Amino acid sequence: MNDNNPNDADGAASAPVRDPHNHHAGLWSTLVQRADAVKATIDFDHENMQARYALVDFLRTDILAHLEVEEHVLYEAAREIGATSLVAALELDHRCLLDLVEQIEKTGDGLEAAMLARALVVLFALRMEKEDTIVLPTLTDAGVDVSSLLDRMIVQMATDYDSRFTYF
C-alpha cells in the first residue's frame with residue numbers, strides 16, 4: 001500500500017494524504033539510509049561524493065522543508081499557549097541541524113562527513129522524540145486541538161513541499 005495515495009487505504013478517497021507518524025517514518029528511514037551510504041563509500045584513499053550529494057540534497061529539500069512546516073504550525077501553537085521556552089529549545093535544535101547540514105556540505109574529508117551525518121541522524125531522532133513526547137502532549141494539555149494542527153501540517157506539506165520530497 002502506498003501511504004501517499006488516499007485511494008489505496010481501503011478505497012477511502014477521503015482519507016488524509018498521510019499521517020504525521022508515517023511522514024516521520026519516511027523521513028527517518030531515508031535519512032538513515034543516506035547517512036549510512038555516505039559512511040559506506042569511504043575508504044582510506046577516496047570518498048564517493050555521489051552519496052554525500054544525495055544526502056545533502058535530501059537534507060536541503062525534505063528535512064528542512066519538514067522543519068519549516070513544523071516551525072510555522074507547531075511552534076506557533078506552542079507560542080500561543082505561552083510555551084516560549086519549549087519553542088526556544090526546539091529552535092536551537094533546528095539551528096544545530098542547519099549547522100550540521102552546512103558542515104556536511106562543506107567538509108573536504110569523507111570520514112568527517114560521515115561522522116557529521118551520524119550526529120545529524122541522532123539529533124533528528126531526538127527532535128522527533130521531543131515532538132512526540134513533549135510538544136504534542138504540552139499542546140494537548142493546554143487544550144489545543146492537536147489533530148487539527150497535524151492536519152494543517154499535512155495540508156501545508158502537501159501543498160508547499162511534497163513535490164520536492166524525494167523519499168516517496
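Which helix is Asp-93 found in? Asp-93 is found in helix H3, and that helix is where I'd like to take you today, friends.

A quick word on the ground rules. This is a predicted model, where local features need pLDDT of at least 70 and side-chain atom pairs count only at pLDDT 80 or more, while totals for chains, interfaces and linings use all residues. Residues are numbered from 1 along each chain as its sequence is written, and side-chain values use heavy atoms, with hydrogens and water left out.

Let's start with the whole chain. The protein chain has 5 helices and 0 strands, where helices (H or I, at least four residues) and strands (E, at least two) are DSSP runs, numbered from the N terminus. In order, the elements run α-α-α-α-α. Of the 168 residues, 40% count as buried, and buried here means under 20% relative accessible area, with exposed over 50% and partly exposed in between (1.4 Å probe, protein chains only). Among contacts with a separation of 6 or more, 71% come from residues 24 or more positions apart; contact means heavy atoms within 4.5 Å.

Now to H3 itself, residues 84-106. The expected span is 1.5 Å times one less than the number of residues. Which residues of H3 are buried? They are Leu-86, Val-87, Leu-90, Asp-93, His-94, Leu-97, Leu-100, Val-101 and Ile-104. As you look at the spacing in that list, remember that an α-helix has 3.6 residues a turn, so residues three or four places apart point the same way. The buried residues of H3 pack against H2 and H4.

Back to Asp-93, then. Its relative accessible area is 8%, so Asp-93 is buried. Leaving out residues up to four places away in sequence, Asp-93 touches Leu-123, Arg-127 and Lys-130.

Compare Glu-91, also placed in helix H3. Glu-91 has a relative accessible area of 26%, so it is partly exposed. Glu-91 touches Tyr-75 and Arg-79, again not counting residues up to four places away in sequence.

Axes are lines fitted to C-alpha atoms, for helices over the stretch in contact, and angles run from 0 to 180 degrees between N-to-C directions. The crossing of H2 and H3 is left-handed, that is, the near helix is turned anticlockwise from the far one by less than a right angle. Residues making this contact include Leu-59, Tyr-75 and Arg-79 of H2 and Leu-90, Glu-91 and His-94 of H3.

Finally, H2 (residues 49-80) and H4 (residues 110-141): their axes come within 12 Å and cross at roughly 20°. That makes H2 roughly parallel to H4. H2 passes H4 in a left-handed crossing. Among the residues in contact are Leu-67 and Leu-74 of H2 and Phe-124 and Arg-127 of H4.

Key: Angles under 35 degrees count as roughly parallel, over 145 as roughly antiparallel, 65 to 115 as roughly perpendicular and the rest as oblique.
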